[in-house]
Amino acid sequence: MTAPATGPGWRAAVDVCAVVLAAGEGTRLRPLTEHLPKALCPVGNVPLLDRALDRLAGLGLAGPDRVAVNACYLGGQVVAHVGARAHLSVEPGDPLGTAGGLGNLRGWIAGRGVLVGNADAYLADPDAPPGPDVAVLLDGWDGRSVRLLGQPADDPAAPGTFGGHRFVGFSLLPWRLVRDLPAAFGDLVRAVWRPAEAAGALTVLPYRGTFYDTGTPADYLAANLHAAGPGGLVDPSATVDGPVTRSVVGAGAVVRGAVDRSVVWPGATVAAGERLSEVIRAGSDLTVPAAR
């Protein structure tokens, strides 16, 4: 009999592992993602992938025996960044999608339930630290049903909703629904979630904090500004000579001009006389508008 899985704030009846999906191309964030995979884009000066791994660690899930990360687009950067912190699954050719990525990891998952997180999901709950904030997904799980983390949708009947909720980046899947997934392109919505919903075996559990999927420049900026708070966030190693208000400035950045409600990536520069507002600046001359 499988021993129960436990961690801070949760106890499940079966063993559980976790997979962070980090293989995507981030097409909606181009040109920011032309040279940096979306999973490594910083939010509040922390790469999104590190935020996901920290959240799992807060649940007691850490190390290559318990956590896997898939990679494909600019996968060498993801592999180098993760190092020995997790098991790595590098997909050849094009990304396999959310279902194919798990199918490619069946041998590693090996009979366990699997907590699946999107690397690009930004979550923040003022009342709970990362990890315990999503522990409701795992607590009391019997290893049979599908669980999704969700929030009430503006339009409960809109396509893509589940029980009137929008998905917010984390799902919990039983082995019986993972073991037959092929290592071929496919998505979890069609392969697992909708069939489970139709069978009455899908539950949406509420997330009470703030969520952004960071997939568009506007949402990516909003997540950064939320992480920074009203006072903004400037890395101590940045050089700032110009006025910076309500913005995020990364490590080694040089700001000579004015920056408001914007993100300046690590190592980027803002020249004297420049005025940036609601944009993302990367390098010395890449400026991506991000206003809603």
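The legends below describe close-up views of a predicted model. Local features need pLDDT of at least 70 and side-chain atom pairs count only at pLDDT 80 or more, whereas totals for chains, interfaces and linings use all residues. Residues are numbered from 1 along each chain as its sequence is written, and side-chain values use heavy atoms, with hydrogens and water left out.

View 1. Together with helix α2 (residues 75-82), β6 and β7 make a right-handed β-α-β unit, in which, with the strands pointing away from the viewer, the path from the first strand over the helix to the second runs clockwise.

**View 2. Strand β11 and its partners.** Seven of the nine residues of strand β11 (residues 165-173) are buried, that is, under 20% relative accessible area with a 1.4 Å probe and protein chains only. Strand β8 (residues 113-118) pairs with β11 in the antiparallel sense over four bridges, and G117 stands opposite F170. Strand β10 (residues 146-152) is also antiparallel to β11, over five bridges, with R166 in β11 as the bridge partner of Q151.

**View 3. Surroundings of L56.** Leaving aside neighbours within four places in sequence, L56 is in contact (heavy atoms within 4.5 Å) with A18, V20, L61, V67, L115 and F170.

Conventions
Helices (H or I, at least four residues) and strands (E, at least two) are DSSP runs, numbered from the N terminus. Buried means under 20% relative accessible area, exposed over 50%, partly exposed in between (1.4 Å probe, protein chains only). Two strands pair if DSSP finds at least two bridges between them.
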